[in-house]
Amino acid sequence: MTYADHRADHHSGPQTRDSWLEPDDRAQFDLVVNDQPVHVRAPARCTLADALRQQGLIGTRLGCEQGSCGACTVLLDGQPIRSCLTLAVQAEGCTLETVEQAPPSRELHALRRAFHQHGALQCGFCTSGFLMLAVGLLRDEPDATPERVREVLSANLCRCTGGVPILRAVLAAQQELTGGDR
Amino acid sequence: MTYSYIGASVERDDSPFLDGSACYVADVDREGQLYARVVRSPVAHARIVSVDVAEALAQPGVITVITAADVPDVRIPIRLPMAETPDTHKFLQPPLAREVVRYVGEPIAVVVAGDPYLAEDAAELVDLEFDELDVVNDVVSAACAGTTLVHPETGTNLVATVPLAFGEVEEAFARADIVLRDRLRVHRHTAVPMETRGLLAEVDQGTGVLTLWGAAKVKHFTRQALSGMLGIGRDRIRLVENHVGGGFGVRGEPYPEDYLIAFLALRLGRPVKWIEDRVEHFVATNHAREQEHDFEVAATADGRLLAFRDRAWCDQGAYVRSQGILPALLPALHMPGPYRWQAFSVETHGVLTHRTPVGTYRGPGMTEATFVRERMLDRLAHELRLDPADLRRRNLIESGQLPWSFKPTPITYESGDFPAGFERLLDQAGYADLREQRDARRARGECVGIGFAAYTEIGGIGPFEEARIVPRPDGGFVAHVGVGSLGQGVETVLAQIAAEKLGVPMEAVTIDHHDTSELADGFGAFASRATTLAGNALALAAEDLRGRAAAKLGVPSADVRLSGGQATAPSGASVPLADLGEGWGRFDKPHPSFSFGAALSLIAIDPGTGQVRVLRHLVLHDVGRAINPKLLRRQLAGAAAQGIGAAVLEELLYDEYGQPLSTLLADYRMPTVEELPDIEVIIEERPTPANPLGVKGGGESGMVGTPAAIANAVADALGAAAGARLWRLPLTPDRVRELLRPA
């Protein structure tokens, strides 16, 4: 259904009127962010990234707001998503993980250390997104091959390091998490 | 206890980036802040018939909308005296377009609202009416008679001509056994840091001081520029640098928005915030590099270089911005490179087009010049049936010939060993083996090639930096410097220098580069100068403290030992460092320094798609002295990664009407880990006598030879006939496929 159809639909009958929100109508809903319940009041068109940032979770960065760079990657019910392309209301009732997670999941903990040790960041702007992308990958596919890790990491952009140090860091974290049997 | 940190690979503290607490300008908020959205020109050249803001102003939440009629007729000034000519002021940019728009993206109005979404909505409703005009979009013809003028009142599209001449060029060409001439073109591309620009301005109603967050690179100059444009004293403007998400030359110059956001905060008496979006970034933030060269080289039959002539047309875009004529000056200064020319003449022209203004991007001018010269040297080697390495070996300036000067040009090479560096690169690459591997792969039908490039790089540009070392109440020290951090780790490197010179542990030193109110002057972070200039200033500030201690202890300064927080005389008498007041140092550097580097690349072409894959890439640079080899390697590798993007992926394209075609990260393809090899970095350390620490810098060096080396490797893979037709970058699949077809 297109946006225009939605509008037509909305104006055609009173039944749908209650559930339809205008872009600036505020919605109220609950999220779980980093294991904490969070009550959000945000306009219907507010992106998840903006809603998180308004909660003080500034670690979710916005590099393009077009879904290309991946700096805003967070985990939604365990899956890495672009929070700039997700509306906050779409996350209603979902569990979110961001780079601020404290205490960090074992994947995030290992990745933070590996990023530090392998020079996987310089300016740090893309780092949150890469960390969350990698958490999702290592949790979902703990035995991902180096080729697979490389492929997944190419989803995000890093302008300072080019990305090879990030690949090295993620492979090191993977080795630590799998007990070094790879 | 002494501490030796200089030369040590100290790891930096990057925890704020790993736990998300790092604070970039978008993360700074002030009570009651408003949000600005810039309305930009959708056309490349037009007379502005009307700008109707009524509907925008009537939108909910909108506080004000300003146009050129609301701001004084001011211009953004040029930062470097070396980049200014008597004519450049005619082409400077007003913060908002006055009567005419000259590029897509030029600011026309600013909408301010209480919410960023509402500001963006309202900006769409500013009604613009234009009378469209012809556009200039070709650098070579831009300055020809009869072309549309970008600034008609000046009578020309030529901003400046940079002439450089050395030796008897005509005579050298007359003696040549071989002369080669061709056109070579470098494309428009730019830095594209992951964080877009952003600003937040607030006026303290008590003191009247204007604070601008979001500064970078050249904070003190931007303060000076704003002081002049806003008509308020420098002491009433404070620029604050937050964490910075990459700069690479484009961030932190004074832009129209720096003025506009400060102006609005002063006018409205409320904090005003502006965060550039990515589409804006691609049209508003400086572009770089586009230029075409007509290059002619003369040599003897045995491969001795005699002379070259270069005429070039370098795009400045629609206005001359804060970096003045650097787009034309820097290629000229780098065209001779590391070779023993008997003569040369260079004439570069900075020309105007109806496109986003051009500034500097990592390795400015040198990257373009290196591509032009090194491509032609490979062509020459091929014509002379010489190995391209041998051609360079025969012509590199020998170490015994340094210092070398191309007088009367300002090009002087003071130190280094170019042939040794070049051989080291070939050794490390295993050049002989690499050639055998290449030939074996070719025999199997693969399309592979080897290419390299040698270059010189200007760095350590002055005029000076100051540093203040101030005791902290806890017994440590704060060192205030005027350079900036763009994510490269300069805080760590400067702390290493300060701590070693003070004889204290690194934990006892904090480097403060965040605030213009803490240091009277500063020139910033560009031209690979931060470590050289601020590092030496810090060393001098530590010397100042030693001198004070010597006076107290009644001994010569040279006899005082600084260690463990004490200044101690040979007698054992000592005074605590913290009791000596502030240490102050100023390092003057009247002349920039040139350093040597080289790059080597092994590539493969997919004959089906034309895609170039970089299999191995090595960069070598003589950094003088590596203060922190680990962080330095990362700079060189990161710059090389950008150079690979520049060579095979990235391009800012325009159509014939001056409409930009690359305004999304989906259009402007930057390399990811899928496209990049593990870059091999070789650090040469041949200290320069030009500063006490001996450093030459290295923040840009990995870039400089990279596109040239890749282009030469692609030409090598294509073979003699097709390779000779490789005259332009980037080597995107479509261009490579064109070269793969028989001519």
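**Entry 1: a strand pair in chain B.** I began with Ala454(B), whose bridge partner in E26(B) is Ala598(B). This is a predicted model, where local features need pLDDT of at least 70, side-chain atom pairs count only at pLDDT 80 or more, and totals for chains, interfaces and linings use all residues. Residues are numbered from 1 along each chain as its sequence is written, while chains are lettered from A and ligands numbered from 1 in the order in which they are written.

I then looked up the strands themselves: E18 (residues 447–459) and E26 (residues 593–605) of chain B pair antiparallel over 13 bridges. Strands pair if DSSP finds at least two bridges between them. Helices (H or I, at least four residues) and strands (E, at least two) are DSSP runs, numbered from the N terminus.

Is E18(B) enclosed or open? I found 12 of its 13 residues buried, so E18(B) is largely enclosed by the rest of the structure. Buried means 20 or more other C-beta atoms within 10 Å of the residue's own, exposed means 12 or fewer, and partly exposed is in between, with C-beta atoms placed from the backbone.

**Entry 2: two helices in chain B.** Next I checked H13 (residues 490–502) and H14 (residues 530–553) of chain B, whose axes come within 9 Å and cross at roughly 25°. That makes H13(B) roughly parallel to H14(B). My note on terms: axes are lines fitted to C-alpha atoms, for helices over the stretch in contact, and angles run from 0 to 180 degrees between N-to-C directions. Under 35 degrees counts as roughly parallel, over 145 as roughly antiparallel, 65 to 115 as roughly perpendicular, and the rest as oblique.

**Entry 3: over to chain A.** I counted 7 helices and 5 strands in chain A. Buried residues make up 51% of its 182 residues.

Its 5 strands form an open sheet, with mixed pairing, in the order E2-E1-E5-E3-E4. E2 (36–43) and E4 (79–82) of chain A stand at the edges with a single partner each, so one side of each has no neighbour in the sheet. The twist averages 40° from one strand to the next.

I zoomed in on E1 (residues 26–33) of chain A, which 8 bridges join to E2(A), running antiparallel. Asp30(A) stands opposite His39(A) in E2(A). Helix H5 (residues 127–140) of chain A lies across E3 (73–76), E4 and E5 (95–97), at about 35° to E3(A).

**Entry 4: Thr95(A).** This residue is in strand E5 of chain A. With 14 other C-beta atoms within 10 Å, Thr95(A) is partly exposed. Leaving aside neighbours within four places in sequence, Thr95(A) is in contact with Val32(A) and Asp77(A).

**Entry 5: where the chains meet.** How many residues does each chain put in? I got 38 from chain B and 39 from chain A. On the chain B side, H15(B) gives the most, with 4 residues. That side has 20 nonpolar, 9 polar and 9 charged residues.

Key: Two residues are in contact if their C-beta atoms, placed from the backbone, lie within 7 Å. Ala, Val, Leu, Ile, Met, Phe, Trp, Tyr, Cys and Pro count as nonpolar, Asp, Glu, Lys and Arg as charged, and the others, Gly among them, as polar.
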